[in-house]
Amino acid sequence: VEKDGLFATADDGTLFLDEIGELALTLQSKLLNVIESRTYRRVGSMDEESFNARLIFATNVDLKKSVSKHAFRKDLFYRIAVLIVKVPSLREHSEDIPYLANKFVTQRGKHLSEPALQKLCAYKWPGNIRELHNILSRACTFCTSTEILSEDIVFP
């Protein structure tokens, strides 16, 4: 069955590749070739197809350190590091926690008690927004009422 892959689907648009810092070295060289040539081959095909897409990469890994440790290709780093935008961790903008937390629980038909919100704001958030979402998903799942209490918030 012929299906369009990510590059074909993103043609004339934008392709977002997350966790680029976790990509194996063998795949990094393949990605570098795709970026440089703006071509790819479908699995099982001998024909190269071109694409025109804006590429956006994200990672929580310090790529410069990975380059110095030979865990990330230097040439790929310079191809993708055209514009670097550092998004601060959740602990660096804790004033957003009430908004984000309320948004997450409201989507599940729940609301946070004030002590639960205070507990969330006091936490240091090593796992960032994904951890916040996960903790609130767990609280919403196991909470038997529509109000999430402080004891419903469980940190790993």
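1. Helices, of at least four residues, and strands, of at least two, are taken here as DSSP runs numbered from the N terminus, and it is in the loop between β1 and α2 that Glu 19 is found. The model is a predicted one. Glu 19 has a phi near 55°, a positive value in a residue other than glycine; with a relative accessibility of 26%, Glu 19 counts as partly exposed.

2. Although Asp 12 is not a glycine, its phi is positive, at about 65°, and Asp 12 sits in the loop between α1 and β1. Its relative accessibility is 64%, and because exposed means over 50%, Asp 12 counts as exposed.

3. Helix α2 comprises 13 residues, 25-37, and spans 19 Å from its first C-alpha to its last, which is close to the 18 Å expected at 1.5 Å a residue. Its buried residues are Gln 28, Leu 31, Leu 32, Val 34 and Ile 35. Viewed down the axis of α2, these buried residues fall within an arc of 165°, and so they line one face of the helix. The face turned away from that buried side carries Thr 26 and Lys 30, both exposed.

4. As for what lies against α2, its buried residues pack against two helices, α1 (6-9) and α4 (74-80), and against the strands β1 (14-17), β2 (39-41) and β4 (54-57). The helix also contributes to a pocket: the largest share of the lining of the second largest pocket, six residues, comes from α2, while α1, α2 and β2 each supply at least two residues of that lining.

5. The second largest pocket has a volume of about 720 Å³ and is lined by 25 residues, those nearest its centre being Phe 7, Lys 30, Val 34, Tyr 40 and Arg 41. Two of these belong to the account of α2 given above, Val 34 as a buried residue and Lys 30 as an exposed one.

6. The largest pocket has a volume of about 1400 Å³, and of the 36 residues that line it, Ala 58, Thr 59, Asn 60, Val 85 and Val 87 are the closest to its centre. At least two lining residues come from each of β4, α3 (63-68), α4 and α7 (128-142), with β4 supplying the largest share, four residues. The lining has 20 nonpolar, six polar and 10 charged residues.

7. In helix α6 (residues 114-122), Ala 116, Leu 117 and Leu 120 are buried. Seen down the axis of α6, they fall within an arc of 100°, and they therefore line one face of the helix. The elements that cover these buried residues include α5, β5, α7 and β6 (147-148).

8. Arg 108 lies in the loop between α5 (97-106) and β5 (111-112), and its relative accessible area of 41% makes Arg 108 partly exposed. If neighbours within four places in sequence are left aside, Arg 108 is in contact with Ser 137, Cys 140 and Thr 141. By contrast, the C-alpha atoms of Arg 108 and Ala 71, which stand 37 residues apart along the chain, are separated by 40 Å.

Definitions and conventions:
Residues numbered from 1 in each chain as written. Predicted model: local features only at pLDDT ≥ 70, side-chain atom pairs only at ≥ 80, totals over all residues. Heavy atoms only, no water. Expected span 1.5 Å × (residues − 1). Buried < 20%, exposed > 50% of the residue type's maximum accessible area, 1.4 Å probe, protein only. Arc of directions from axis to C-beta. Contact = heavy atoms within 4.5 Å. 1 Å grid on protein atoms, 1.4 Å probe; cavity = no way out; pocket = protein on both sides within 12 Å on 5 of 7 lines; lining within 4 Å. Points joined across faces, edges and corners; volume = space filled by probe spheres on them. Nonpolar A, V, L, I, M, F, W, Y, C, P; charged D, E, K, R; others polar.
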